[in-house]
Amino acid sequence: MHDNTADDSAASRLATLARYFRERPVTGPAGHSYISSSPRATPTEPAAPAHLSVVDHIDASVRELDEYTRQANPDAGPLPKRVEDAYQWCVDNTADSPETVQLRRDVIFYRQRLEHAIAEGDIKVVRPIRCPACRTLGLMWKARLNAAICTNGKCRTKDGLTRRWTLARLAYAQVEEQRKTVRVRAT
């Protein structure tokens, strides 16, 4: 669904998600889901105009940005009208904040980018991320666990279980890695 490979930012992913469900409204009682041929009850109310879980996801993402920005800068102005502009609004209103606030902001952006991609159905978004424990490539998204698992057979917990990582933990590791790379290049 994501159509802009040049810009794989959280803002771009959120814009794609929002645009997709504005352009493809629900027209039947089943919504954006598989329609079985088995008999089913006749709906008594019309379907929602969009897939409600995606609407909730978009709303929660923007709300998180709003709350975080206002915590860092209570004088931040109103949110922009377009949902994808909330990211730049957040950056603009936290630019003079301490380094820890900016680090946390960047982690939120990265985590939300991963969440938006998974909401679009792009579960391969975790594959190019290195496992925080063994540093190998090959993470796989497992929806039922709501986590990425390491496919390296030698990468196990103390109990011998496959390591699993939340999107928040992966985002933190990636942002820290990017910041180390920037610091090394600057020296």
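Mentor: The discussion below moves from the overall fold to helices, strands and single residues. Please bear in mind throughout that this is a predicted model.

Trainee: How many helices and strands does the chain have, and in what pattern do they follow along the sequence?

Mentor: The secondary structure consists of five helices and three strands. Read along the sequence, they give the pattern α-α-α-α-β-β-β-α.

Trainee: What share of the residues is buried, and what share of the contacts joins residues at least 24 apart?

Mentor: Of the 187 residues in the chain, 37% are buried. Among contacts between residues at least 6 apart in sequence, 47% join residues at least 24 apart.

Trainee: Let us turn to a helix. Which residues of H2 are buried?

Mentor: A general idea comes first: an α-helix has 3.6 residues a turn, so residues three or four places apart point the same way. In H2, the buried residues are Val 54, His 57, Ile 58, Ser 61, Val 62, Leu 65, Asp 66, Tyr 68 and Thr 69. H2 itself has 21 residues and spans 30 Å from its first C-alpha to its last, close to the 30 Å expected at 1.5 Å a residue.

Trainee: How should I read the packing of H2 (residues 52-72) with H3 (residues 86-94): at what angle do their axes cross?

Mentor: The axes come within 9 Å and cross at roughly 10 degrees. Because angles under 35 degrees count as roughly parallel, H2 is described as roughly parallel to H3. On the H2 side the contact is made by Val 62, Leu 65, Asp 66, Thr 69, Arg 70 and Ala 72, and on the H3 side by Ala 86, Tyr 87, Trp 89, Cys 90, Asn 93 and Thr 94. By class, the residues of this contact are seven nonpolar, three polar and two charged.

Trainee: How are H3 and H4 oriented to each other, parallel or antiparallel?

Mentor: H3 and H4 (residues 99-120) pack at an angle of about 170 degrees, their axes being 11 Å apart. The two helices are therefore roughly antiparallel. From H3, Tyr 87, Cys 90, Val 91 and Thr 94 meet Gln 102, Arg 105, Phe 109, Gln 112 and His 116 of H4. Four nonpolar, four polar and one charged residue make up this contact.

Trainee: Asn 93 was named in the contact of H2 with H3. Is Asn 93 buried or exposed, and which residues does Asn 93 touch?

Mentor: Asn 93, which lies in helix H3, has a relative accessible area of 18% and is therefore buried, since the cut-off is under 20%. Leaving aside residues up to four places away in sequence, Asn 93 touches Thr 69, Asn 73, Ala 76 and Gly 77.

Trainee: Now the sheet. In what order do the strands lie?

Mentor: In general, strands of a sheet pair through backbone hydrogen bonds, either parallel or antiparallel. Here three strands form an open sheet in the order E1-E2-E3, with antiparallel pairing. E1 and E3 stand at the edges with a single partner strand each, so one side of each is left without a neighbour in the sheet.

Trainee: How many bridges join E2 to each of its partners, and which residues stand opposite one another?

Mentor: E1 (residues 139-142) and E2 pair over four bridges. Leu 139 has Cys 150 as its bridge partner, and Trp 141 stands opposite Ala 148. E2 and E3 (residues 164-165) are joined by two bridges, and there Ala 148 stands opposite Trp 165. E1 and E2 also form a hairpin with four residues between them, where Asn 146 in the turn has a positive phi of about 55 degrees.

Trainee: Which way do the residues of E2 (residues 147-150) point?

Mentor: In a regular strand the side chains alternate between the two faces of the sheet. In E2, Ala 147 and Ile 149 point one way, Ala 148 and Cys 150 point the other way, and all are buried.

Technical notes. Residues numbered from 1 in each chain as written. Predicted model: local features only at pLDDT ≥ 70, side-chain atom pairs only at ≥ 80, totals over all residues. Heavy atoms only, no water. Buried < 20%, exposed > 50% of the residue type's maximum accessible area, 1.4 Å probe, protein only. Pairing = 2+ DSSP bridges. Axes fitted to C-alpha atoms, helices over the stretch in contact; angles between N-to-C directions. Parallel < 35°, antiparallel > 145°, perpendicular 65-115°, else oblique. Contact = heavy atoms within 4.5 Å. Nonpolar A, V, L, I, M, F, W, Y, C, P; charged D, E, K, R; others polar. Expected span 1.5 Å × (residues − 1).
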